[in-house]
Amino acid sequence: MEMRLHAFELPLRHTFTISRESIQTQPTLIVELSAGGHSGYGEATANRYYGFTVPRMARDLEKVRGVVAEASADDPPALWARCQPLLADDPFALCALDQAAYDLWGKRQGQPVWKLWGLSTDRIPLSNYTLGIDTIERMIAKLREFPDWPIYKIKLGTDHDLEIVRALRTCTSATFRVDANCGWTAEQTIDYAPHLKELGVEFIEQPLPPDRWDDMRRVRAESVLPVIADESCITEADVPRCAGFFHGVNIKLVKCGGLTPARRMIDTARRLGLSVMVGCMTESTVGISAIAQLLPLLDYVDMDGAVLLAEDIAEGVRLDRGRCIYPDRPGHGVRLLRAGNPA
């Protein structure tokens, strides 16, 4: 296989704010793997919180260029296994490579990846649309910009979180999910939960910082709403640890290293009785289309990253008010719309 790296700067529709930062553009790295006249694409966004930049990911991927050149284009798990030791410190780069390998595999086989896995898309979860932290007036305006979605995910971690949710509830009867991104205490979470439940909130995502395990055990026991791990669930080893502390886990492909480990994490969570969600970063349709292959295995999904962009760089899977529309193309169905900068 031949590997090419493309760097893009994704412009956002609005400034996107969570409890720890605000961004207006999102740097991202696209990996292209080519063989036999086909190209597969994978993506990993830069992330300040986890310390990954596009130059770092590109530099790390050079370590596996020789391995990729000699590897089979028809066995993504084998490629992942060979590259993981060399990219053990960079799961983001490994994720982009793994996604590209599956997209290429599916294209060479002439089938969508979910079908090659023996899955059915007859019953798949709906995605939420995410509302980043802003003034209440602007959050209402953002919701009204995308009306009629069945689920909205509300980013919280302010001094007026309940006020935000109450104001948004006046605008829609849709299901809410809230994500504090580590911005609350145990006491806040337990206190907020009954009010949030009355306001139609389905669950709370990562209320506490990931090192507060004792506090999280208390929240798990006392919260009237389910709690879902995000920052506390990064790698495969984290899934068993989350049992007893959370009701479910949110798996991010970039954090765990791609589709290959994500499928194992889903299997482990099921065995432990945890609900399963896959979430996205603010990424293009390349990364979102990879997530879509996992939909038949999930309880919940947050795959609206490309909807948050002012301009996309690819076509493939798309969302229609939370409903995933698969393209009639093999692999992940991804096509790049324009060339990026060499990475």
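Q: In β5, which residue is the bridge partner of Y129?
A: In this predicted model, strands β4 and β5 run parallel and are joined by three bridges. Within that pairing, Y129 has its bridge partner in β5, and that partner is Y152.

Q: What is the order of the strands in the open sheet of eight strands?
A: The edge strands of this sheet are β4 (129-131) and β11 (300-302), each of which pairs on one side only. The pairing is parallel, and the order is β4-β5-β6-β7-β8-β9-β10-β11.

Q: What does the twist average from one strand to the next in that sheet?
A: The sheet in question is the open one of eight strands with parallel pairing. From one strand to the next, its twist averages 25°.

Q: Which residue forms a salt bridge with D179?
A: D179 lies in strand β6 (residues 175-179), and the pair links it to a part of the chain 26 residues apart, in strand β5 (residues 151-155). The closest N and O atoms of the pair are 3.6 Å apart, and the partner is K153.

Q: Why does the salt bridge between R4 and E32 tie together parts that are apart in sequence, and by how many residues are they apart?
A: The side chains of R4 and E32 meet in a salt bridge with an N to O distance of 3.4 Å. R4 belongs to strand β1 (residues 2-17) whereas E32 belongs to strand β2 (residues 22-35), so the parts that the pair ties together are apart in sequence by 28 residues.

Q: Which residue in β3 does E32 stand opposite?
A: Four strands form an open antiparallel sheet in the order β3-β2-β1-β16, with β3 and β16 (341-342) as the edge strands. Strands β2 and β3 run antiparallel and are joined by eight bridges. In β3, the residue opposite E32 is Y41.

Q: Within what arc do the buried residues of α1 fall, seen down its axis?
A: The buried residues of helix α1 (residues 54-61) are V54, M57, A58, D60 and L61. These line one face of the helix, because, seen down the axis of α1, they fall within an arc of 165°.

Q: Which residues are exposed on the other side of α1?
A: The buried residues of α1 are covered by elements that include β1, β2, β3 (38-45), α2 (65-70) and α4 (91-109). On the other side of the helix, the exposed residues are P55 and R59.

Q: Which residue caps the N-terminal end of α1?
A: A side-chain oxygen of the capping residue lies 3.1 Å from the backbone nitrogen of R56. The residue that supplies this oxygen is T53.

Technical notes. Residues are numbered from 1 along each chain as its sequence is written. This is a predicted model: local features need pLDDT of at least 70, side-chain atom pairs count only at pLDDT 80 or more; totals for chains, interfaces and linings use all residues. Side-chain values use heavy atoms; hydrogens and water are left out. A salt bridge is a side-chain nitrogen of Lys or Arg within 4 Å of a carboxyl oxygen of Asp or Glu. Helices (H or I, at least four residues) and strands (E, at least two) are DSSP runs, numbered from the N terminus. Two strands pair if DSSP finds at least two bridges between them. Axes are lines fitted to C-alpha atoms, for helices over the stretch in contact, and angles run from 0 to 180 degrees between N-to-C directions. Buried means under 20% relative accessible area, exposed over 50%, partly exposed in between (1.4 Å probe, protein chains only). The arc is that of the directions from the helix axis to the C-beta atoms. Contact means heavy atoms within 4.5 Å. A polar contact is a pair of N or O atoms within 3.5 Å; within protein, one must be able to donate a hydrogen and the other to accept it, and residues adjacent in sequence count only if both atoms are side-chain atoms.
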